Amino acid sequence: MDREAIEKELAQFPGEWAAAFAARCAAQCLPALLEKKDPTDSWFAYWPDKKRDQYLFAVFRANSVASAVTGVASSAYINTAFNAAIDAADASVYASYADASAYAAFSASAVLDSFDTSASAVNITANVTGLDISQQLALLRKACNSQGSFTDYLFQPLWQPGEEWYERAKEFVQVLREYGSGFDFWADWYEDRLEGRAPDKDLLDAIANLSYEQLTQEPAQINAYLKSLVHKEDLAESSLNRVRVIFLGYGATGKTSLIRVLNNKKVVEGKEPMTAGIDILDWKVPDSDITAHFWDFGGQVMTHATHQFFLRSKCLYILVLDGRTEINANEQAEYWLDHVRAFGRDAPVMLIGNKADLCPVNLDMARLRDKHPNVTDFYPLSCTQYRGNYAPHFQRFRADLLQQILAVGMHGIRFLKPHFTVLQELISRSGRDSFLRKSAYENLCKDKGVAKQGDLNRDWLLDLLDKLGVVLHFPDIADLDSLILNPRWLTYGVYRLLYSEAAQQAKGRLKEQEVISILSRREVDDNLGNPLSYTPDKAGIVIKAMERFRLCFRCRLDPDLLIIPALLETDQPAHGFIKADSLCFSFAFQGFLPRHVLPNFTVARHDEIADEMVWQNGVVLRAEDGRAEALVQADYHERSLTLWVRGPQAGQYFRYLHQDICRILRRMPDLRFREWVTVPESTRIKEEATDFPLRSGNNGDSPARADFRQLLAMEARGQREYICEYGAFDLHCILQIMPAPARQSYRQEMHGRAEVYYVQQTINGDNNTLSATGEVTHSSVRAGGNMGHTYKNTITNSGSGEQNIAQGDGAIGKQVNISETNAPQAPVEDLLKLLTEIKARLPELPDKAQIKLRNAVEEVEMEVQEDKPDREEIADTLTRAQKVLKAIPGTVAAAQSVGVLLGKALIWCGKAAGMS
C-alpha cells in the first residue's frame, strides 16, 4: 500500500486510534535493527562504536514515549515526544530501519496531524522492514469495531507465536539481554510489548520525563536508573522535587522586591538594595512536597555572561519589567525572552510589569505571544501595594505561579533508599560545611549501603548529584580533594569577585593574590544564613573554577595575572589589524547575541592573543606558527560576531576559529542565527555592465555577502558560480575561507544531529515524504546540532544500494556520496490552495487562535506574492502558527484538520528548494 492509500484508511478512525496504530508499527519494526551489512559484523555495527549505545537508547526511548503519550493532548508531552524522536532520528544517518521506527514513534504523538504523519511513517516502515501493513490495518479495524479502547489495542501482543516476526522479535530480545550497557531493561520492556503485557504507567512516565541532567549521563547509567524503578519496594518514599524559578530583568526593576512580596514581607519604595550578582532562596510550595529555588539575578550587563551556567529548560522564568526605564518595555521583553529561548528553550515565562502604580508597562502581547508561545501571561503589579490597590492582580499572579511551579515540578527524580539517604545527609551537612572530603563521601556511601561497584554505584550517584547541582565535583582540579557541598559557596564567590570594586577599577586584570585578597577579606552568609568562608587555600578553587568555566584566563606573558574578559575596557585599542586584504565572515544573530560567546571564545584561545590586544568586545589573535592572524569583534547593537582573517594560512586558521565558536553555540540549541561570508572582488568571474559596483568600505568590508550554508549546498550540487545583484563570482574561490575537507566535515556535522525538520525520502523508487518532527524551526536539538536555518535533504536509494544525499537550498547534509540532483519544484498554487483550506476551517477555532492564525496565513499569502518569496520566512510563520494550535486547550477537531494542512504547507517549503 502507498502512503495515500494508508492515509485514506486511517482517516476512517479517530485520531487516537491512528496514533496508536503508528506507535504499534514503531514497536513492530524494532527487530529490523538486527539487520547486518556483513554477517561477520557485530550487532548494530552500522552505528559508530562511540555512538552505538546512545542511538540504541534514543530509538527505544522514542518508542516508549510514543506509547506513553498516545492520545494525550498535552503540549508538554508532545514536546517530550518531539525531542525523543529527534534524538532517535539522528540514528537514521546510518540505519534506515532505525529511522522508520523513530519517525513512526514521533507520528504516534503528533496529535494535531496524526492521519497525515502516521500514514507517511507507516508507509516508510513498511518499505524499510517489509511489514504487511494491510494485515495490520485489518487488526486495527477489528479492534476498533469491537468497542474496546485504543489503549487496549495499543498494548495487544505485537505478533502471535509461530509468526515469522514473532521469532525475529524473540531473537531481538535475546540479543538485547546479551548486549550489555544495561539494555536488558529494554529487553524486558520489549518482551512485555511483544507478549501484550500491560506496561507500568509510572515507569512509562519516568522514561518520558527523564530530566535534562539525567539525559546527559551515559546510556548505561540511564538504563541502570530505569531498571531500579521496576522494583518499587526498593525505592525511597519521597523523591527529589526541586524546581528552579529564575527571576530575570534589568537592574532595579524590582525582582528582589517581588520575592519579598511572595514571602509576605513589606516592601518600601527605594529601600531595597540592588542585588550584587545573585541571591538564591528556598520557597516551600504550599500544599505540595515541592521546594522552589528562587534565583534572583542581578540585572547588570556584566553578569549576563554567567547566565549560561544557571539557565535551563526545566525551569520557570519570571521576567520583571519596569515602564520607567529608558529601554522600551517591548524591547526589554524581547531581549530577555530571546535570552530564555537561547538557554531555556521553550520553558514557560511569566511577564511582570512592576511599579505599575508609578508607570504602567505597555506591551504588545499579541506580537510577543506570536514570537514566544511559551509566554504564559502578563501581570501588572506594584510590590509596594500588593496588599492594597494591586491585591487582586497579585493574588492572580500568585495562584498562576503555584500552578506553573506544579506543572514544571510534578515529576520528581526517584532514588533507591540508600541513595536517597545519602542525598538527605549531604543536604543536611551543607548547612554546616561548604566542603566534604571525597573520602568522607565514600565512607558515608559505605555506611548507607551504596555500592562502590556495579550499576548504580557511588560514582553514578555523585555524577547525577553534580549534574543536578546538589553538590559540585571537579575531578579535573588536581588539588581539590573535596566535594563542594554547598554550591552557593562557588556561586557567591564568583559574583563577589565580579562585583568587587577592586576588580572593576582594575578593568578585569588582577594578580592572583589580589583575587585571593578580595575573596578572603571577610566571611559572608548565604540566603539560608550559612557562613561562607573563603580562606586563602580555598579561594584558589574559585579561580580554578572560573578558568574551567571560561570566565577568566591567565596572561601568557605573566601567568600570575588573571584576566576577566567581561570586565575589560570597552574602548577598542589601536590594534593595527588591516581589514582590507582579509577574508571576512559573520555570525548574524536573530534576537540577541549572548554575552558569554566572545568571552568564552577569547578564553579558549587566549594563548594566541597578539600583543595583549584584547578588550571587552574584541580580540586580535595570531596563529602559533605566525602564518595567520585574526580580528574577532562582537557588535551587540547589530547582534553580530565578525571574524577577519588574513595570512598565508588564513583558511586553515579560520577553520579552527569557526569550530570553536560553533562549539559554544551548540550549547544553545534554540539560538537563531545565520552565517555570512563576504564576497571578495577578486572572486569575480566577469563584470557585466548591468552589475552593481562592488566596492569596499573604509573598514575593508565588501557590500556583497552570501549565505555560507547556501554556498555549501550549491557546492554539493556541483555548481560553480554564485550570482547576485553584484555579478557572477567563482563559488570555489569564495569558499576558500575554509579548506575543502573542513567544508565537507561541516556539512556532515550539520546533518549529524538530525536538525532535518522535513526530510524527503525516496526509497526503492517510491516517493515518500518524511517529516522528522512535524514542524519546522530555526533551532537545533541539544548538543551537536544545526544552528540557524531550516534544511531539506533528498535521499535517493540507487540501484546499486548507494545513498546519494543532495542538499536543497540552505541544506547541509551528512554525505555518503554527494551527487548533483534536481530537486522537485513545488508550484506556488499548491501552497495557496492549502492556505485557502486553512482559512475555511478557522471559524471553528477559538477566537484568539482564529485571529493569530488568520494573521499568519495573510503574512504567508503576502510573501508568496513577492518576486522571490523567502521560503525560510514562510516556514517560520507556519511554524508559529503550529505553536498557536498546540496552545489550544483540549482536543479540537478543527485544530487537528488545520494541523494537517499546516504540516503539508511546511512540506511544500521543503520542496520549494529553488525559491530563495
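# Reading packing and ring pairs in a predicted chain

Visitor: What is the count of aromatic pairs?

Guide: Rings of Phe, Tyr and Trp (its six-membered ring) pair if their centres lie within 6.5 Å, and planes under 30 degrees apart count as stacked, over 60 as edge-to-face and the rest as tilted. By this rule there are 32 aromatic pairs. In one of them, the rings of Phe-60 and Trp-189 have centres 6.0 Å apart and planes at 90 degrees, so this pair is edge-to-face. The pair joins distant parts of the chain, with Phe-60 in helix α3 (residues 52-69) and Trp-189 in helix α10 (residues 184-195), 129 residues apart. Phe-60 is buried at a relative accessible area of 0%, and Trp-189 is buried at 9%.

Visitor: Which residues do ring pairs link into a cluster?

Guide: The cluster consists of Phe-57, Phe-60, Phe-172, Phe-185, Trp-186, Trp-189 and Tyr-190.

Visitor: Where do Phe-247 and Phe-294 lie in the chain?

Guide: The rings of Phe-247 and Phe-294 have their centres 5.2 Å apart and their planes at 70 degrees, so they too form an edge-to-face pair. Phe-247 belongs to strand β1 (residues 242-248) and Phe-294 to strand β3 (residues 291-297), so that the pair links distant parts of the chain, 47 residues apart. Both Phe-247 and Phe-294 are buried.

Visitor: Which ring does the charged end of Arg-168 sit over?

Guide: A charge sits over a ring if NZ of Lys or CZ of Arg is within 6 Å of the ring centre and within 35 degrees of the ring normal. The charged end of Arg-168 sits over the ring of Trp-165, 4.2 Å from its centre, and that of Lys-538 sits over the ring of Phe-435, 5.0 Å from the centre.

Visitor: At what angle do helix α21 and helix α23 pack?

Guide: Two packed helices are described by the angle between their axes and the distance between the axes. Axes are lines fitted to C-alpha atoms, for helices over the stretch in contact, and angles run from 0 to 180 degrees between N-to-C directions. Angles under 35 degrees count as roughly parallel, over 145 as roughly antiparallel, 65 to 115 as roughly perpendicular and the rest as oblique. Helix α21 (residues 487-498) and helix α23 (residues 512-520) pack at about 115 degrees, with their axes 10 Å apart. That makes α21 roughly perpendicular to α23. Their contact is made by Gly-493, Arg-496 and Leu-497 of α21 and Val-515, Ile-518 and Leu-519 of α23.

Visitor: How are α10 and α13 placed relative to each other?

Guide: α10 and helix α13 (residues 219-228) pack at about 55 degrees, with axes 8 Å apart, and are therefore oblique to each other. Asp-184, Phe-185 and Trp-186 of α10 make the contact with Asn-223, Leu-226 and Lys-227 of α13.

Visitor: Why is helix α25 described as largely enclosed by the rest of the structure?

Guide: In helix α25 (residues 597-604), 7 of the 8 residues are buried, so the helix is largely enclosed by the rest of the structure. What covers the buried residues of α25 includes β15 (609-615), β17 (629-635) and α26 (650-665).

Visitor: Where does Lys-507 lie?

Guide: Lys-507 lies in the loop between α22 (501-505) and β9 (509-511), and its phi is near 55 degrees, a positive value in a residue other than glycine. Lys-507 is partly exposed, with a relative accessible area of 41%.

Note on methods: Residues are numbered from 1 along each chain as its sequence is written. This is a predicted model: local features need pLDDT of at least 70, side-chain atom pairs count only at pLDDT 80 or more; totals for chains, interfaces and linings use all residues. Side-chain values use heavy atoms; hydrogens and water are left out. Helices (H or I, at least four residues) and strands (E, at least two) are DSSP runs, numbered from the N terminus. Buried means under 20% relative accessible area, exposed over 50%, partly exposed in between (1.4 Å probe, protein chains only). Contact means heavy atoms within 4.5 Å.
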